[in-house]
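Here is a short note for someone opening this model for the first time. Please read it with the structure on screen.

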Amino acid sequence: MIIRPRPFDHADAVKLNDQVQLEYAVRYGDEGDVTPLDASMFEPPNGLYLLAYDPQGRPVATGGWRSQERNDEGYWDGDAELKRMFVIPEGRGNGLARRILAALEADARAAGRTRMVLETGDKQPEAIALYTSSGYTPCEKFGHYRTYENSICLAKPLQ
């Protein structure tokens with residue numbers, strides 16, 4: 001697998017974002033994640049968006065981080081927020097999400113971010129297992145879904 005930086009609005013990123021939104025809709029019975037996002041949020045040095053490609057050049061996984069500072073949605077100064085971590089079903093079980101997560105953490109650390117944060121849901125046990133096994137622990141809720149009962153917020157120091 002090859003992991004490459006790509007803009008959030010790159011055609012391959014849009015394709016995988018559409019797939020992850022469908023999966024969210026099935027799991028939660030709604031329209032998917034409606035957190036407002038745009039490509040500029042993932043532009044270095046204030047973020048990064050990665051796509052993984054299989055040997056045939058097909059996009060199989062994605063993930064990104066964006067800078068956050070203290071605000072009324074519960075973020076802290078120095079936060080890097082993880083967004084759109086996703087591996088297509090055929091690519092799961094090969095450690096690809098863990099590789100993307102490690103690359104995003106390293107990039108956010110190099111950019112001076114002090115804490116990686118993420119919001120997931122209680123119907124994503126695979127994601128929760130990945131994050132907790134990677135050193136993430138529960139934190140005060142933040143972000144768009146902070147008032148939702150099934151929202152789970154996790155954080156990991158980057159220093």
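1. First, the residue classes. Ala, Val, Leu, Ile, Met, Phe, Trp, Tyr, Cys and Pro count as nonpolar, Asp, Glu, Lys and Arg as charged, and the others, Gly among them, as polar. By these classes, the lining of the largest pocket holds 15 nonpolar, 11 polar and 11 charged residues.

2. Ground rules. This is a predicted model, where local features need pLDDT of at least 70, side-chain atom pairs count only at pLDDT 80 or more, and totals for chains, interfaces and linings use all residues. Residues are numbered from 1 along each chain as its sequence is written, and side-chain values use heavy atoms, leaving out hydrogens and water.

3. The largest pocket. A pocket is an open set of points on a 1 Å grid over the protein atoms alone, where a 1.4 Å probe fits, with protein on both sides within 12 Å along at least five of seven lines; lining residues have an atom within 4 Å of a point. The volume here is about 880 Å³, taken as the space filled by probe spheres set on the points, which are joined across faces, edges and corners. The lining has 37 residues, and Tyr-24, Met-85, Thr-120, Gln-124 and Ala-127 lie nearest the centre of the pocket. Elements giving two or more residues to this lining are helix H1 (11–28), strand S4 (79–87), helix H2 (96–110), strand S5 (115–121) and helix H3 (125–133). S4 gives the most, with seven residues. Helices (H or I, at least four residues) and strands (E, at least two) are DSSP runs, numbered from the N terminus.

4. Arg-84 belongs to strand S4. The phi of Arg-84 is positive, about 55 degrees, although this residue is not a glycine. Most residues other than glycine have a negative phi. Arg-84 is buried, at a relative accessible area of 5%. Buried means under 20%, exposed over 50%, partly exposed in between (1.4 Å probe, protein chains only). Asn-17, in helix H1, is buried too, at 15%. Leaving aside residues up to four places away in sequence, Asn-17 touches Phe-8 and Arg-84; contact means heavy atoms within 4.5 Å.

5. Aromatic pairs. Rings of Phe, Tyr and Trp (its six-membered ring) pair if their centres lie within 6.5 Å; planes under 30 degrees apart count as stacked, over 60 as edge-to-face and the rest as tilted. The count comes to six aromatic pairs. Tyr-75 and Phe-142 have ring centres 5.1 Å apart and planes at 50 degrees, so the pair is tilted. It links distant parts of the chain, 67 residues apart: Tyr-75 is in the loop between strand S3 (59–68) and S4, Phe-142 in the loop between strand S6 (137–138) and strand S7 (151–157). Both residues, Tyr-75 and Phe-142, are buried. Tyr-131 and Tyr-136 form an edge-to-face pair, with 5.7 Å centre to centre and 65 degrees between the planes.

6. A charge over a ring. The charged end of Arg-115 sits over the ring of Trp-76, 3.6 Å from the ring centre. The rule asks for NZ of Lys or CZ of Arg within 6 Å of the ring centre and within 35 degrees of the ring normal.

7. The stretch into S2. Pro-44 and Pro-45 are joined by a cis peptide bond, with omega about 5 degrees. Pro-45 is in the loop between H1 and S2. Gly-47 is in strand S2 (residues 47–53) and is buried, at 1%.
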